Each structure stands twice: as C-alpha cells, then as structure tokens.
There are 2 protein chains.
Amino acid sequence: MTEKRQLAGDLTKVDVGSKVTLKGWVQKRRDLGGVIFIDLRDRSGLVQVVFNLETSEEALEIAESVRSEYVLELVGKVVLRDPSTINPKMKTGDIEVIVDEISILNEAKNPPFTVLDGTDISEDVRLKYRYLDLRRESMQETFRLRHQAAQVMRNFLNEEGYLEMETPMLTKSTPEGARDYLVPSRVHAGHFYALPQSPQLFKQLIMVAGFERYYQFARCFRDEDLRADRQPEFTQIDIETSFMTSDEIMAMTEKMIQRLMKEVKGVDINTPLPRISYDEAMNRYGSDKPDTRFDMELVDVSELVKNSDFKVFASAVTSGGKVSAINVKNEANNFSRKDIDKLTDFVKIYGAKGLAWLKVEEENLKGPIAKFFTEADQLDLIHALDASDSDLLLFVADEKNVVYDSLGALRLKLAKELNVIDESRFHFLWVTDWPLLEYDKDAGRYFAAHHPFTMPADEDVEKLATNPDEVKAAAYDLVLNGFELGGGSLRIHKKDLQEKMFEVLGFSKEEATEQFDFLLQALEYGAPPHGGIALGFDRMVMLLAGKTNLRDTILFPKTASATDPLTNAPGTVSQAQLDELSLGLSGEALIVNEE
Amino acid sequence: MTEKRQLAGDLTKVDVGSKVTLKGWVQKRRDLGGVIFIDLRDRSGLVQVVFNLETSEEALEIAESVRSEYVLELVGKVVLRDPSTINPKMKTGDIEVIVDEISILNEAKNPPFTVLDGTDISEDVRLKYRYLDLRRESMQETFRLRHQAAQVMRNFLNEEGYLEMETPMLTKSTPEGARDYLVPSRVHAGHFYALPQSPQLFKQLIMVAGFERYYQFARCFRDEDLRADRQPEFTQIDIETSFMTSDEIMAMTEKMIQRLMKEVKGVDINTPLPRISYDEAMNRYGSDKPDTRFDMELVDVSELVKNSDFKVFASAVTSGGKVSAINVKNEANNFSRKDIDKLTDFVKIYGAKGLAWLKVEEENLKGPIAKFFTEADQLDLIHALDASDSDLLLFVADEKNVVYDSLGALRLKLAKELNVIDESRFHFLWVTDWPLLEYDKDAGRYFAAHHPFTMPADEDVEKLATNPDEVKAAAYDLVLNGFELGGGSLRIHKKDLQEKMFEVLGFSKEEATEQFDFLLQALEYGAPPHGGIALGFDRMVMLLAGKTNLRDTILFPKTASATDPLTNAPGTVSQAQLDELSLGLSGEALIVNEE
C-alpha cells in the first residue's frame, strides 16, 4: 500500500477504472448477505467502499471486524454504481470503490454518540468528547468557514498595506481592567502580569512607532461573569491605522466586509452601509445594535399623548420620560388578553411598570384605555403608527432607558415568535455618534462609554469641561442582524487631551501617571492621529455559519462557568508550584484545597 | 487639505508636476539661508520637502518651528531636483516637494535618541522607548519581513489544504509542565489555568477530530530562567497532519522553506535538504544543531590513539570515553602558547579537563605531546585529520558528551574568530534518529527527550521494555546555520503504546490517568496516525533578517529577567484583586509588598 492517497469525497466518474488508496474513518458499515458496504469518511467527505465476491477472503474477514469510527487504509478500484443503487444525495453517489486490500490503522470503541449531524446530545457530553463532536459534518464545515473567513480578511488587509503584528500576552494590569486575568511571576515574587482584554495600548504604540497600518487576529481575555454568548478567551480582528478619518476607516471596513460576504457566502453587500446615530437607534429600535431585517419600529408618541386624559402616559412625559409604541401588524385578533398579560410580564423584566395596548378595529382604537383619547387623538395615533385594521399597538410609558430596553426587547421577541425575520438576510449597519461618557450614580463619577482613549467628536472637545454628558465620541459600531460585530474609534493622540480625559474620569494626576505614564510619554514624541476598529471574530463566524451558539464556532470552548469538560481545566496545583510563585491560598480556596 | 494622501517614499520622476498631500514625521530639518529642507518620513520611506521663496510667509514660519519627529501634513508640488543636489543614496533623491501648505498634526519632544540606524543605545533605553526604537529603518524592515514571512508560509499551507485553527490559551497545568505560567481562576477558587508551552495535546486532538491538516501561528509560554535568546512568550508555526509519514512531513516542510527563502530572501534552496542522524551530528560537529556553513569537523581518533603512549588519550578511550580533534587549517603559526592556553580555559567551561594540541610542520607533528606518537601514528593522525603544513590540531579526550560539548563549542568559537563563516549562506539540514529517552541519574528515571507523545521508531518499539536507551524516536529537527529552527515527530496514536510510554517514564497507572485521561480516551475512539512539526517563528525571522538578538524580532519583547521596561510589567496588584482570586502572598512576595 504505497500508492499516493486519494481523498474519498473528491472521487468522481472520471476516476472510474482507477486503483485508489483511501484512508479515513468508518461512518457506517452494512452487511448485506455477505457483501459489506462501508461509508468511508475523510476530510473531503464520504465514499462507499464495497467488499464483495471479488474481495479476498482475508480482506472480507477484516471488513467484518470493522466498527463505526475505525480508521482504515484501503486499496481498491473505482467503479460505476449499478443504476439502481445510485445515491443522488451523496456527492460521490454515482460511484463506489471495490476493495482489494484493507488494513486497520486504529480501532475505535463504540462512541458515546453517533458522529452525525442532528443527533441530539447534551452540550456537556459534546464538550467532553469534543474530538468526536468536531468530526460531524456541520462542525467541520464551520471550521472550514472560519479558516476561509480569516484568509479572505487577511488577504484584503495585506493588499491594503496592513502589517500583521503580534502584541504581548503577558502585559500589565491596570485598575481600569477590573476583569483582568492575572499571571503570577515566578522571577518577581509578588508581581503579576495580566492577560490583555484587548491590545488597545499596544496598537496605539504601534501607531506611534510609525507602522501606520496594523492588524492582528488577537486573542483577548476577560474574566467576566459568563453568559451564554461570552467566552473567557475570544478572538478579535484588531485593526489600527494612522492618518485616516472615521469615514475612511469605516469605508475600509466596508470593503473588507463586502469581500468577505462575497467570497465566503456568495452574498453581495451594497456599500456604503447604512449609518444611524446612537440616539436614532435607541429611538427607533430601543437598541444600540438594532436588528434591521424587519420593521416594527418604536414610535415616539410622547407629544401626542402628553395632554391626554390617560394619566400614566401624561405623567411619564411631564416627568421627563417618554411614551413609545410598536405596531404589531395584523395580529390584533391573534393576541388574547392572557397573551398580552404574558407580554406585560416580559417587559417588567426590563423595569417597565406595565404595557398598554390598543387594537385597531374599523379605523377606531379599541381596548380599555381607548376611552382616554379623543377621536382626533385616536386618528393621530393611528396615523403616527401607520396602523390599520387588525393591528395591535403596544405602549410603554416610562423613563427613556426603560422604554428603550423594554420595547426594544419586546420588538425582538415578537419578531421571533411571529417569524417575521428573514434569516437568510445579512443586514449590516453602522451606529455612530455615541456618547463619550456615562455617568455612574453609584460611583458618583463618569466612566468612559468605550474606553478612556477614545477621541471626543471635534466639535464637542470644548464641552468636556462643561457638559460632559453631551460630548459625543468619534466612535462607530458595526452591527449585523442585531449583534454588535465590533466597534472602533479615533483615539486621542495629544497628551493634553488625554490628560483632560483622565481628569474627567476622576483620575488624580498621580493615578494617571502611575498607570498610563508610558502612554502619556508616547503621545509627547510625535504620535500621529490614529484610530481603528476591532471585530469579534467568533461572533462573526457564528453569524456567517448560521449558528446560534458561540461555542459552536470555537474549537475548544469553555462552558458558561469557564471550565473545559475535556481537560478539566482549571485544575488544582501543587504546593510546590504555589511556593515557587510565593503564593498561598486564602478564603474559599482553602476550603477547596482541603476537600 | 482634502487631497488623497500620497506616500513619501513612493514618489518618483513620474510625479513631477503633481500636487501631492503628504503626512509623516520629520526625520531631519536643515535651514540654509532662509530655505528650509525637511526629510519627511512615513511608512514608505523618505522624501525631501522644501520651503523656499515660493512658500508663503505663514508656512515658512510654521516650518521654522518644526523639530525632529514632529508629525506634519503637507501639500506641495513635486519637482526635479537641481542636478547638483541629486542624492543617489536616497530612493527619492531625484526629486523634492516644494511646499505650499503645512500643518502640524502633533509636536514632539526632543527624543532620547536619534531615530536612525546605527545609533548606539543601551537596550534598556531602546525597550523603554520602544515606540521610537521601532521607527528606525532596520526595525521597520524587520517587521515588514516578519509580516511577509508569515503570509508566504500561510499561503503555502492554505494551498496544501491546511486549516488555520486556534487552540485555547487557558489550559490545564500538567506536572510534566514544570515551567507553566499559571492563571488563577476567580470563579473556581483555588483552581488555576496554565498558559500553553505548546498546543501539543490540542493539535493531537484536532487530528483525532478528523481535520487532518492544521496549522497555527501559536503563542507559547515558558516560565524558564531566561537566557539572552529566550523569551517568556514566543511564537511557533505549529503544523500537524494525519496519515503522513516522517518523510512526507519533512518534504512538505522543505517545500514551505523553499518558497519562504525564494519569496522573502530571493535565495534558491535545493531540496531534499541534507539529513544527518543525531549520532553523526554529535560525532562530526559535537552538536545536535550543527552549523554546516564551514568544515573544521570533529574527527574521532580514538582508534588511532587508544594504544599510544599518551596516557591521557589511551585511558580516556579504555574507560569508555573518546578522543576527537579538529583541524584549524593554516593557523598553526597564528596561535601562541598563550592563545592556546585561552582555548584550554574555554573548553574547561564545558567540563573538559584539558586541550591537547599539535602543529604540522614539514609533514611532521610538533608540540609537547608529539613524542608520544610513533612516526606511523603521526602519519595516521595527519591523514585522518586531512592535515598539512601549518595546520593546528586540537584534541579533547574525555567522556563522550564532554568531548562533543567542548569541541563543538570550540569549533564554533574558532570559526567566528577566524571569520571562516560565510554569513550570506543559509545552510538548512535535518537532524534525524534522535534518542527517544534520556536517563536522568539524579531522578533515577527516564525522561522523554522530546515529549512523552513522540512515537518510537517502528523497529525499536520492542526495545521499549528491554533497552530503552537504544530506542530511537520518529523525530526530526530542522537546523539552520547552527540554530534549531524547530522540530517535530510522529505521535503515538494507540492507547496501549501511549500507556507503555507513560510506564517507561515512571508514571503510575493512576498518575497517567489523572493527568492524561482525556488523551488516552481520545486514542480509543479512532485516532488516526499523525505527526507534525513546530518551527520557532521569532528565531526564523532573526535569521532571515540577519539579526543576532531575538528581541529585535519581537515587537514588544521582555528583558532577560522577563520584565517590560516600557509598561513596567509585571506589576503589583491590589489586595482586592488578590481577595477576589482567594490568593495571598507568601514568602518573598510578602517582603516585596511591604516595600
């Protein structure tokens, strides 16, 4: 068996008559009256191999002993299948391989689950036997797509003159990085490195170093309380550039996305992509990452209802809040009071005190609160909400953020339940004009909405000292189908502005110097204007692959509690290892250690 | 100033007459009687810009205020230089740009060192101001080369059907990994992740998962006592493949290296590359990573001298050691006794008890030990060492390893001092047939020479139980100019052999299961035959760029004591951070903290 190996899935009618060597796994074995059929799988796909009367006694005997997932090496001849056995569902369904020689390269125990798509298995079992889970066609497909997506973007960035560069993983912890993973140093007792949450400062230093165009598929780490769609380590496509405006950075990103969608999905994306300001996104969709594949937009009816007799609406507006509504088209008759009660419970999760509703019947509004509105007001409402007969109108009256959060979430929930989202569409858009700062009442100070290195909008720099609330950031987020794909900004490149920013964020001069001295120094030595963008690669692959679970796009992911059921990481370590690091366990860890 | 920016270094005679917008740094400013010349630098190179009588008063005034490393935006017209001022050393030396408009994008303090190659600066200062150090042309060149080398290898691997895949950084610590960096878990008190020393087990699992061809530019971590050429984090090109033989893996690697050398250095490399066994490498070069750009090979003269009257030689051989010599051609008259005494001190570093020498004069051996050899023996020695008049012969008689280490090091030292190495050559070769195991007298057990997952040579499997010393590994190292570029092996893909291997390494069944249960399990479910190679990317770039310091090839490297003078990593952390991790400081760390 010294022939050059051929790939199972690549065999076609052209190969009929050829002798081939195949190596791969047993997908399925059938024994039909002394003739044995095996579907042999390798990275290219499947082919049917046959042990029949032409096969030697010895080979037949081996074939009989073979089970699912055995690894085989085969030599045989490609033949046309009998017309009655042609399998049109199989890429190689026209042909089969009559085996001359077989050898078993490795055996396999009966796997804990069938290596087939669609098998319903708990995720814990899938992760424990990840090497089997990954053999399934849809997983193989996802990681081929992930590979291809990476190469398409790399090629684009290479053509545009970007250099791929590697920033350190063993970096310094900063107090702003409350969720840093720490790495104790053995050589420097009592000192710690931190794993990067992003290469933010290093990529800025690369710009100061004059490279002008940098990218990296950067591994980032965040020790957050995990949610289903978060991972302790994740990959972002990190891009930074000098001398470019926000518009130029967005245009470059659009070109990259356009190429990606064309080459990976065969989908044409029109550019420039739509842009929407943060304020408008909140007003119209109740979200800073709106899913624009469907309408059902929020409509602000505050002006129409603030003088109405319905006190709940009127007082919400007069106390500084607002009233918005969504129009659930044609669904008035499909929602019972009970159904609407359930929706009311849903919006309460988001802090709403209630959900008001009206139905449109014969061009009039019906429902318990209809009576509070004059006929003229009703017509205005119907007009504002572009409503017609059988539409269901749902209202929330509250503080702005509650209105946004609750109606934004309700809009998504109803769209999914009513199946109005065209899952085959890819709706990209930019959200721009973000607030630079967010005031935290508990902490009694401003925090950076993105990060402390974000450039304020040119026209707002003056307001930093006087009206920090009103300052917009030179920042932009790329949104796809309701997910934040990533975001970027121009960065502050002048020392005095960066110092001003630290001041607004409540840093004393000493704190700023202690933590960010190297950045402030770098800004003094000819830092160019610069900015960039970072896109979440795992999530991008998830959306391109049509998956809903981020873990399906990461080769060896962690669970929601940041463990790996395969290797059992994290694990305990020996006292000797701790001693070498000059560390001791305390608190809860002591209890763990005694167990 | 809204014109599309052009790159300084790309301007040529073709642009003469055009209006251009430039952005970049001031490399140098000269003021010649009211005319100001600035060498403007951007990522593409330099161009001379001129403020002369045609320039507005206002622009001239700004130009006068400009200093080195200021960041400028300029609009001007490209003109031919006056023939007398053409600068043939400068790529754009034919032309210059007469400036119409100038604006200062950022100022710069006087830098701590000139941003020019060849400036002699201490490495600490270079690392502290890395962003300035990196602006220098040779550093820019190195990182462009690093980028290009990565892309060439990626393209090659992509064409060969390899998928780029990402393995986790937060993994499990194993006792074999004594030099793991640990990462405490916040969620799981008392538990730790480990940063990977290599993705060894994950790439094997990728093979078990059926992907067949994987690669990654993998960040790896090793908490070693650092040496000049080691870094706590480094990048390796990690390749793994199923169903390929050692020969096929080496041939694939050679094709990649051939492409790399052609595209990056314009150098043709003949394949197949030379191969030499580990034993032969030690015998001929006293090194397992021989520099074959020059001869001066070790010659084993044990047989010739074992019966001689020179007891030092004779007894070394009879007690199981050996006598080898190198021939320093034509240098007999250039080495005084004092010089040779210095060489003797040098070999003592490597444990040699002394260095014997002979000179060839009129086809006879001269020197204090010549008298111990008969005329016939002398002729045999001269013949064996291919010696002729004026050659200096240097001998070490000792245990084998001492002979190899000392003469191997001496060979390199003399070659450097005598300048016999052609630095422009790239000598690649494979070292094969490595021992699988190494016996550690202190520990009283065998250790894996590479790692415990390396496949023994087919013909030696039987000897694992009986003569572990004699077992060769299916392993191969790629050597370039005396540096180990990387290495690989076939891996064990059967559970029983892997268990046998753990047993030979002194693991109890329980220990093996506790630490490597997931691997042993994976080998039971249809693991294909597989193997791979990992190449050190930092070192590869160092050799391609003609650098001698590994730190010059890493963007933000650590010092020899694993610190970063730029960010001051590692640093201390707050008690609150430690409490969150259920950790306390102990031992030395307590003292640090009190300081």
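## Helix α5 of chain A

In helix α5 (residues 200–208) of chain A, the buried residues are Gln200(A), Leu201(A), Phe202(A), Lys203(A), Gln204(A), Leu205(A), Ile206(A), Met207(A) and Val208(A). Here, buried means under 20% relative accessible area, exposed means over 50%, and partly exposed lies in between, with a 1.4 Å probe and protein chains only. Because nine of the nine residues of α5(A) are buried, the helix is largely enclosed by the rest of the structure. Just after α5(A), Gly210(A) adopts a positive phi of about 90°.

The model is predicted: local features need pLDDT of at least 70 and side-chain atom pairs count only at pLDDT 80 or more, while totals for chains, interfaces and linings use all residues. Residues are numbered from 1 along each chain as its sequence is written, chains are lettered from A and ligands numbered from 1 in the order in which they are written, and side-chain values use heavy atoms, with hydrogens and water left out.

## Chain A as a whole

Chain A has 18 helices and 24 strands. These elements are DSSP runs numbered from the N terminus, helices being H or I with at least four residues and strands E with at least two. The C-alpha atoms of chain A fill a box of roughly 90 × 75 × 55 Å along the principal axes. Of the 595 residues in chain A, 57% are buried. Among contacts in chain A with a separation of 6 or more, 67% are between residues 24 or more positions apart; contact means heavy atoms within 4.5 Å.

## The eight-stranded sheet

An open sheet of eight strands in chain A has the order β7-β10-β11-β23-β22-β21-β18-β12, with mixed pairing. Strands β7 and β12 (275–277) of chain A stand at the edges with a single partner strand each, so one side of each has no neighbour in the sheet. Two strands are said to pair if DSSP finds at least two bridges between them. Strands of a sheet pair through backbone hydrogen bonds, either parallel or antiparallel.

Both senses of pairing occur at strand β10 (residues 213–221) of chain A. Strand β7 (residues 163–164) of chain A pairs with β10(A) in the parallel sense over two bridges, and Glu164(A) stands opposite Tyr215(A). Strand β11 (residues 233–242) of chain A pairs with β10(A) in the antiparallel sense over nine bridges, where Phe221(A) stands opposite Glu233(A). Further along, strand β22 (residues 483–491) of chain A and strand β23 (residues 530–536) of chain A run antiparallel and are joined by six bridges, with Gly488(A) and Ile533(A) as bridge partners.

## Cover on the sheet

In a regular strand the side chains alternate between the two faces of the sheet. In β10(A), Arg213(A), Tyr215(A), Phe217(A), Arg219(A) and Phe221(A) are buried on one side, and Tyr214(A), Gln216(A), Ala218(A) and Cys220(A) are buried on the other. Nine of the nine residues of β10(A) are therefore buried, and the strand is mostly covered. Helix α5(A) lies across β10, β11, β22 and β23 of chain A and runs at about 25° to β11(A). For such angles, axes are lines fitted to C-alpha atoms, for helices over the stretch in contact, and angles run from 0 to 180 degrees between N-to-C directions.

## A hairpin in chain A

Strand β15 (residues 356–361) of chain A is mostly covered, with five of its six residues buried. On pairing with strand β17 (residues 392–398) of chain A, β15(A) forms four bridges in the antiparallel sense, and Trp357(A) stands opposite Leu394(A). Strand β16 (residues 364–366) of chain A also runs antiparallel to β15(A), joined by three bridges. The strands β15(A) and β16(A) form a hairpin with two residues between them, and Glu362(A) in the turn has a positive phi of about 45°.

## Helix packing in chain B

Helix α4 (residues 137–159) of chain B and helix α16 (residues 537–544) of chain B cross at roughly 120°, their axes coming within 10 Å. The two helices are therefore oblique to each other; angles under 35 degrees count as roughly parallel, over 145 as roughly antiparallel, 65 to 115 as roughly perpendicular and the rest as oblique.

Gln151(B) also lies in helix α4 of chain B and is buried, with a relative accessible area of 8%. Leaving aside neighbours within four places in sequence, Gln151(B) is in contact with Arg154(A), Asn158(A), Glu164(A) and Tyr215(A).
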